[in-house]
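Q: I'd like to go through this one label by label and ask what stands behind each. Could you show me the structure and then take my questions?

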Amino acid sequence: MASVESSPLNELRGRSGPLGAALDPVVLLLVAAAIALLVGCLRSAFFAQLTVEGLGLGAVYGGLALALVLVYRATHVINFAQGELAMATTYVAYQLMQWGFSYWEAFVATLAIAFVLGTVLQLAVIRPVQHRSVIAAVIVTVGLFILIDGVVNWIWGGNFKFMRSPFGTASFRVGGVTIQHLYVGMIGVVLACVVLVWALFRFTKLGLGMRAAALRPAAAAFVGVRVEWMLTLGWGLAAVLGAVAGLMAEPSQLFLTPTLMQQILVYAFAAAVLGGLESPAGAVVGGLAIGVFLTLVVGYVSAIGAELQLPVAFAVLLAILLVKPSGLFGKREVKRV
Amino acid sequence: MSTRLPALGSLVVVAAVLSALPFTLSDYHVALAAQVGIFFVGVLGLNILTGYSGQISIGHGAFMAIGGYTTAIMSRDHHTNLVLTMVMAFAICFALGLILGLPALRLSGVYLALLTFALAVSVPQLPLQYSTFLGGSGGVQSSTTVSNVWLYAAAWTCSAILFALAWLVLRGRTGRALRAVRDSEIAATASGVSLPLYKTFAFGISAAYAGVAGSLFVLATNGFAQPTEFSVTLSLQLLIGAAVAGLGSLWGVLAGAAFVGLLPQVSTSVPVIGSAHGRDVVFGAMVVLVMLVLPGGFAGLFDRLRALGRA
């Protein structure tokens, strides 16, 4: 199976002006959803509170989804260990804080460690299998899933661990709506990291090389891009984004356990697929959408308690895949016989 | 599982060794051997799906959960004969597998992997929500428990029956059609193979096998069906077993089942990390290592060894 690559000319044609973008049904749909949310928030304080929480959690899902998308775009591998990797790096941050680092010192140090971890994993175990088959690559990441889980359990044990919350437990009130600093902080930190990654891809030569290596490996190699190294860097970056998602997810779960990211991984899958699996912007938008949707459903539909949040996410994923497998921003894959 | 009659000799050897084992092993080791039998059933089923029809599933632990809960609930509420509950588990999971096979028709590769992974994570949540019928987080206790030897006999009898069934189904037209679908869907359609029929059938049959494995699995945990027993790790183990087994060989499936059934147990006695937590380290590392070293799984290894022997 090979996806037919469209010629550069087609891509230019596809890129319509600002007016064309505004008339795109997907954009219209998103604008309509945003307006509906805004109206709901103005009419009901409860709705507004759920929406803010949903956006905070959604930012985390989006961050992890973006990590998945970066890896998928570059190597066409879904990294099932992405969530566990994020969980492990969160434990690293916990350990650093135990050793007396402040939260934000530990945060930065953890991101650096995550980057190294991501690149090392890609070099050691992914590079040998990434061109073999989908199943082989999936199994290797599944093996990593179990391995990382085991290592964390071995070093830190399975008990609850408590981390200092970076944003405290304070909240502020806007027109009758209580908003915890936490959720605003989650949105802020994740989106800041996403913007940094976007800037890296958009404005630096390194980012250009990475995009080229992901989209046109052969052509990129011709013009001197070291494709394999760019893919390795991509894994490192994905690990960093995962670490951010893990660190921001931890305070919303109140404590740290080795299963921190397992449910979030499923939400991130749904987010990535909703966004189109190849679209970084789509992953973030998808994450926010999934986060808000799940929070509202659990908050308002009494038949669906918190226990059913995962099955609902499964249903959403199923629905997306059946109705629009290419997601909101994805390109339809065309098979060549 | 090969299309020709598997060498009768190896079948006889396997059967003889298996029937002698309970008389020579300690009770603990019989329980371990039963564990391998349970995984043999599950891996065999998943091998039909991934090996023959080329679809991937990270969600067969969900079907094991459904099969296991079927056994536990029927036994709890009606004191049903355990063998009958296994037949029931087979039937229910076959039907549910067909249903999941329908959306799977439109998906392939990574998308199917994502969807089935979500299924594996979702299903253990259902008992927590519907706790009156499904027992909540405390689980469901079946009314009868079985001895390790009973379990061993049941697991390997099921293995033998289901192996024969797989051989009967896969040796002829159906096996050929499934392999054609795996190698090229378009070419298979052009040759008159009905994709929907065969792909959903493969899903159904592999889910049914997982259901039986789940029934046995619950009996192995003293007839106790609990959500935590059916965590996503179980699905991962099945997939690993099928991948490690490689394609289309009895020995491969045996090796794959032994790999996922025994390795976590054996590695608890490894020094330094011999704790209950350390076993995942060894298991995960071995999975990665085997995939790097043996691209064709154990079946590929055996083929290579045979080729070496001939040369």
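Predicted model: local features only at pLDDT ≥ 70, side-chain atom pairs only at ≥ 80, totals over all residues.

Q: What is the corresponding share in chain B for residues at least 24 apart?
A: In chain B, 79% of the contacts between residues at least 6 apart in sequence join residues at least 24 apart.

Q: What makes chain A as compact as a globular protein of its length?
A: Chain A has 14 helices and two strands. Its radius of gyration is 20 Å, and the globule rule gives 20 Å for 337 residues, so chain A counts as being as compact as a globular protein of that length. Its C-alpha atoms fill a box of roughly 60 × 50 × 35 Å along the principal axes, and buried residues account for 47% of the chain.

Q: And how do you know that chain B is as compact as a globular protein of its length?
A: Chain B has 15 helices and two strands. The radius of gyration comes out at 19 Å, close to the 19 Å from the globule rule for 311 residues, so chain B gets that description too. The C-alpha trace of chain B spans about 50 × 40 × 35 Å along its principal axes, with buried residues making up 54% of the 311.

Q: Why are H8(A) and H11(A) called roughly antiparallel?
A: It's down to the crossing angle. The axes of H8 (residues 181–203) and H11 (residues 227–253) of chain A come within 10 Å and cross at roughly 175°. The label applies to angles over 145 degrees, and therefore H8(A) and H11(A) are roughly antiparallel to each other.

Q: Which residues do H8(A) and H11(A) bring to that contact?
A: From H8(A) come Leu182(A), Met186(A), Val189(A), Val190(A), Cys193(A) and Val197(A). They meet residues of H11(A), including Leu237(A), Leu241(A), Val244(A), Met248(A) and Ser252(A). By class, the contact has twelve nonpolar residues, one polar and no charged.

Q: What stands out in the largest nonpolar core?
A: That core has 216 residues, and Leu317(A) and Leu216(B) touch the most other members. Helix H4 (residues 45–75) of chain A gives the largest share, 17 residues. Beyond its neighbours within four places in sequence, Leu216(B) is in contact with Ile38(B), Val41(B), Leu151(B), Ala154(B), Ala155(B) and Cys158(B).

Q: How many residues are in contact between chain A and chain B?
A: 41 residues of chain A are in contact with 41 residues of chain B. On the chain A side, the elements giving two or more residues are H7 (134–156), H12 (262–275) and H14 (309–323). H7(A) provides the largest share, 17 residues. By class, the side of chain A that touches chain B has 32 nonpolar, six polar and three charged residues.

Q: Why is Thr145(B) called partly exposed?
A: Count the neighbours. A residue needs 20 or more other C-beta atoms within 10 Å to be buried, and 12 or fewer to be exposed. Thr145(B) has 15, so it counts as partly exposed. You'll find Thr145(B) in the loop between strand S1 (140–141) and helix H8 (148–171) of chain B. Leaving aside its neighbours within four places in sequence, Thr145(B) is in contact with Asn222(B) and Gly223(B).

Q: So what makes Asn222(B) exposed?
A: Asn222(B) has 10 other C-beta atoms within 10 Å, and 12 or fewer is what the label takes, so Asn222(B) is exposed. This residue is in the loop between helix H11 (195–220) and strand S2 (224–225) of chain B. Asn222(B) has a positive phi of about 55° although it is not a glycine.

Q: Where is His76(A), and why is it called partly exposed?
A: His76(A) is in the loop between H4 and helix H5 (82–98) of chain A. With 17 C-beta neighbours inside 10 Å, the count falls between the two cut-offs, so His76(A) is partly exposed. His76(A) also has a positive phi of about 55° although it is not a glycine.

Methods
Residues numbered from 1 in each chain as written. Chains lettered and ligands numbered in written order. Axes fitted to C-alpha atoms, helices over the stretch in contact; angles between N-to-C directions. Helix = DSSP H or I, 4+ residues; strand = E, 2+ residues; numbered from the N terminus. Parallel < 35°, antiparallel > 145°, perpendicular 65-115°, else oblique. Contact = placed C-beta atoms within 7 Å. Nonpolar A, V, L, I, M, F, W, Y, C, P; charged D, E, K, R; others polar. Core = buried A, V, L, I, M, F, W, Y, C linked by C-beta atoms within 7 Å. Rg over C-alpha atoms; globule rule 2.2 N^0.38 Å.
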